[in-house]
Amino acid sequence: MSCNVADTYIFLCSEQAVWGIVLETLAAAGVVFTIVLMLALIIMVPRICDNAKRALVPIQFIFLLGTFGIFGLTFAFIIKLNRSTCPTRFFLFGVLFAICFSCLLVHASKLVRLVRGGVGMSWWMMLITVLILSLVQIIIAILYVAVYLGRNMDQCDLPNPNLPERNRDFVLILIYVLLLMAITFLVSMIGMCGPCKHWKRHSAHIYVTMFFSIAIWVVWIVMLLRGNASLNKQPLWDDPVIAIALVANGWVFLILYMLPELCLMTRGSSDCGQEKCQTQPRLLRQNIGVDNRVFTKEDSIQAPCSGRSSPSSMPRFDATIAMRDIEPSKEFSIPRPQPRPNAYMHYRTHDISLM
């Protein structure tokens, strides 16, 4: 069955190249699933009771936007390379992954404090950090696309004699993204070292996600630079390798990170709360003396008069003031003044008695 489309879009529906149909199906399913997770995240916001988890909602929403773009970028690699798709590939590939890995790095940095009983960065501080980390890759991509590709647009043509050089350039502008991946992987390992087991689960999600992401990147970079040339499949396999890497990494983001995070979003960190309560000092209370039972006796006396069945149904007051027995040796009476004898009255009384 032939496809009446231009040669540039032949891989979207060609039966001779089934990889295009399979990848666009997986990418379209990833786009739909990402939209579902975005709606689920928005719906779950009022049910999130933990302030630390609520602060992560803007970062995770940006992460889903980046994943959405990764699935959409797959179609730019299924379409044949030309002067229109070449700038899109070189610019968006690094920028979208920089956004996703920046969100994971900020989340892992906050978990380093949370697993040790701390608070970590606030939501606006995390948002600013993600924007700054992503801005670096945006500047790198703009400089390459505007300066280098603007002067050498012939490198965007498929039958290019400098094809290995173009692939090396594509990998070189992603060095900053590789640095973000390495730092995020190390920080996620540190985030699993702490007393709070609940937050360790979140660090484990990031650790597993970064492990598989690094494995995917190592494979596609090796295949792009060495493997395809050694197998005499270059440039035939260049676009499928990168497209497979995009779809695989996008689904890794959704299944290994975002979906477990949504499952734990509304759960409370009960074990962390208990650990924190044990470290807090308790209020001291006197254990000696006799408790004041006056209110309890009054309740038991008033119960028959009010017609209640038992005094236990009466509300009792919890006496928090402890009373001590008064020592009998101590005198607490107020001393009163004694009148002093007057000398004049003494002599006057003595004269009257002699008469």
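Which way do α4 and α9 cross, left-handed or right-handed? The crossing is left-handed, meaning the near helix is turned anticlockwise from the far one by less than a right angle.

Before you click around: this is a predicted model, where local features need pLDDT of at least 70, side-chain atom pairs count only at pLDDT 80 or more, and totals for chains, interfaces and linings use all residues. Residues are numbered from 1 along each chain as its sequence is written, and side-chain values use heavy atoms, leaving out hydrogens and water.

**Stop 1: α4 and α9.** Select residues 85-114 (α4) and 238-265 (α9); their axes sit 13 Å apart at an angle of about 25 degrees. That makes the pair roughly parallel, a label for angles under 35 degrees. Now show the side chains in contact (heavy atoms within 4.5 Å): among them are Phe93, Phe97 and Phe101 of α4, and Ile242, Leu246 and Phe253 of α9.

**Stop 2: α4 and α6.** Pick Arg89, Phe90 and Phe93 on α4, then Arg166, Asp169 and Phe170 on α6, to see who makes the contact.

**Stop 3: Phe170.** Zoom in here: Phe170 touches residues including Phe77, Trp220, Leu224 and Ile242.

**Stop 4: the core.** Which residues touch the most other members of the largest nonpolar core? Select Phe93, Phe97, Phe101, Phe170, Trp217 and Trp220, out of 79 residues. The largest share, 16 residues, comes from α4. Such a core joins buried (under 20% relative accessible area, 1.4 Å probe, protein chains only) Ala, Val, Leu, Ile, Met, Phe, Trp, Tyr and Cys residues through side-chain atoms within 4.5 Å.

Key
Axes fitted to C-alpha atoms, helices over the stretch in contact; angles between N-to-C directions. Helix = DSSP H or I, 4+ residues; strand = E, 2+ residues; numbered from the N terminus. Parallel < 35°, antiparallel > 145°, perpendicular 65-115°, else oblique. Buried < 20%, exposed > 50% of the residue type's maximum accessible area, 1.4 Å probe, protein only. Lists of a residue's contacts leave out its neighbours within four places in sequence.
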